[in-house]
Amino acid sequence: MATFVDRVVLHVSAGDGGHGCTSVHREKFKPLGGPDGGNGGRGGDVTLLVDPNTTTLLDYHHSPHRKATSGRPGEGNNRSGADGDDMVLLVPDGTVVMTPHGEVLADLVGAGTSYVIAHGGHGGLGNAALASARRKAPGFALLGEPGDGGDVVLELKTVADVALVGFPSAGKSSLVAAISAARPKIADYPFTTLAPNLGVVEAGDVRFTVADVPGLIPGASQGKGLGLEFLRHVERCSAIVHVIDAATIEPGRDPLTDLDVIEAELAAYGGLEGRPRIVALNKVDVPDAQEIAAMVTDDLQARGLRVYPISAATRSGLRELSFGMAELVTKARAEAPAPEATRIVLRPRAVDDSGFTVTREDTPDGPRFVVTGGKPARWVRQTDFSNDEAVGYLADRLNRLGVEDALVKAGAQAGDEVVIGEGEQGVLFDWEPTLQAGAELLHGRRGTDLRLEGR
Ligand SMILES: Nc1nc2c(ncn2[C@@H]2O[C@H](COP(=O)(O)OP(=O)(O)OP(=O)(O)O)[C@@H](O)[C@H]2O)c(=O)[nH]1
Ligand SMILES: [Mg+2]
């Protein structure tokens with residue numbers, strides 16, 4: 001059936017950080033200068049940006065894979081690698097960002113609102129930046145970190161002032177076309193409209209937006225027709241206009257029954273009870289329709305509804321209806337701040353990575369110790385395990401953070417398995433707490449080139 005383009009799964013990857021460079025300065029007759037390897041560049045972020053000219057998520061439906069560029073590696077002579085370019089994805093106002101499990105990450109309302117969905121990896125430090133008084137000529141550099149990656153779900157909840165609801169073919173799209181510059185598809189078969197159309201309407205000095213949402217039928221709440229899916233677009237609107245076909249010749253249908261059916265579906269969706277409503281009785285250019293409209297008006301008014309007989313075809317009654325809508329919009333705006341003013345990020349990512357934890361797991365092969373924490377995991381990612389000096393530097397960092405002590409306290413013994421990092425990212429070590437110390441005795445302090453001693 002219809003493909004909904006207002007919900008897409010986006011596969012994003014931020015750029016990786018560039019690796020740091022290991023290099024030693026060379027000059028004629030000075031065989032051994034200082035370390036001069038530059039830092040790697042930062043990987044680009046993937047960012048969503050609300051753009052008023054973007055109205056659908058169609059682009060992402062067609063090409064859902066998006067990747068920012070990676071940072072360049074550092075180079076000798078203290079040259080840093082260039083940062084990767086951010087990838088900015090333009091999305092419509094009202095885009096909701098969710099995890100694949102449906103957890104809301106951000107709700108993007110208002111032009112210019114942005115949200116980073118994948119952070120680029122940090123560049124690795126070059127050996128120049130790693131040099132210190134203790135470690136004059138590091139023979140290693142840090143690796144760039146991989147950028148974030150994964151799936152996010154984007155869902156569009158149209159932000160409009162007024163939502164037009166009604167049966168298929170009631171004339172909702174015709175109405176939007178008649179009162180705004182929008183040019184939605186109009187046809188005499190049901191479910192012509194599959195995604196909302198937005199139109200901007202001016203009535204006096206009030207400007208507002210109207211959303212034409214796909215048609216509803218009885219049983220939509222059980223998934224009939226297009227189902228209730230698209231009613232999420234009505235959620236954000238401050239007023240509802242029932243567009244009712246007064247000229248329908250379908251058996252079992254008349255304006256009052258149609259209204260009851262649609263109201264029942266809105267109630268099944270829930271949360272829309274407080275929204276003010278008015279009724280537009282459409283197609284009164286058809287002679288019978290005019291009579292029917294006159295007949296039901298009293299009943300509708302008795303229910304507290306304002307009734308506007310209109311014809312999208314001949315444009316009769318449209319001025320009155322537009323002013324009626326403007327009145328509801330003005331009232332709603334006075335009661336609530338304009339949606340443009342809200343910038344909501346519901347769940348910013350946790351940034352605290354100062355600590356770490358050691359947990360013991362008992363496996364058939366003996367105990368295993370899992371070290372989790374932002375810093376240890378990051379340091380492991382930065383380590384070039386083919387370089388002993390880099391591995392030694394990692395051991396020093398972990399030691400300084402207290403990981404060694406914590407492992408001893410947790411009962412780890414030489415030869416036990418230690419995993420740093422979580423899940424698939426974890427790196428497995430055979431823990432050898434004494435070996436490093438022994439190596440230091442033999443080779444001098446790590447990171448020192450003996451030829452540099454005394455300089
Ligand atoms: N006579 C008459 N026909 C109308 C009027 N308004 C719409 N129509 C016709 O009714 C049919 C349906 O119009 P649409 O605007 O596509 O209806 P819709 O409510 O958007 O329908 P869906 O998108 O399928 O939900 C088309 O053939 C229109 O030409 C009207 O005021 N008078
Ligand atoms: Mg339509």
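**View 1. Strand S5 and its side chains.** In strand S5 (residues 95–98), Thr95 and Val97 point to one side while Val96 and Met98 point to the other, and all are buried, where buried means under 20% relative accessible area, exposed over 50% and partly exposed in between (1.4 Å probe, protein chains only). In a regular strand, side chains alternate between the two faces of the sheet. The model is predicted, so local features need pLDDT of at least 70 and side-chain atom pairs count only at pLDDT 80 or more, whereas totals for chains, interfaces and linings use all residues; side-chain values use heavy atoms, with hydrogens and water left out. Residues are numbered from 1 along each chain as its sequence is written, and chains are lettered from A and ligands numbered from 1 in the order in which they are written.

**View 2. The neighbours of S5.** Strands (E, at least two residues) and helices (H or I, at least four) are DSSP runs, numbered from the N terminus, and two strands pair if DSSP finds at least two bridges between them. S5 pairs with S6 in the antiparallel sense over 4 bridges, and Thr95 has Leu108 as its bridge partner in S6. These two strands form a hairpin with 5 residues between them, and Gly102 in the turn has a positive phi of about 90°. S5 is also joined by 4 bridges to strand S8 (residues 149–156), running antiparallel, with Val97 opposite Leu154 in S8.

**View 3. The open sheet.** The 5 strands of this open sheet follow the order S3-S1-S8-S5-S6, with mixed pairing. Strand S3 (65–67) and strand S6 (104–108) stand at the edges with a single partner strand each, so one side of each is left without a neighbour in the sheet. Strand S1 (residues 7–13) and S3 run parallel and are joined by 3 bridges, and Ser13 has Lys67 as its bridge partner in S3.

**View 4. The magnesium ion (ligand 2).** Its protein donors are Ser173 (OG) and Thr193 (OG1), lying 1.9 to 2.1 Å from the ion; donors are N, O and S atoms within 2.8 Å of the metal (3.2 Å for Na, K and Ca), and because water is not among the atoms, sites may look incomplete. Ser173 lies in helix H3 (residues 172–179) and Thr193 in the loop between H3 and strand S10 (197–203), so the pair ties together parts that are 20 residues apart in sequence. Ser173 is buried, with a relative accessible area of 8%, and Thr193 counts as buried at 11% relative accessibility.
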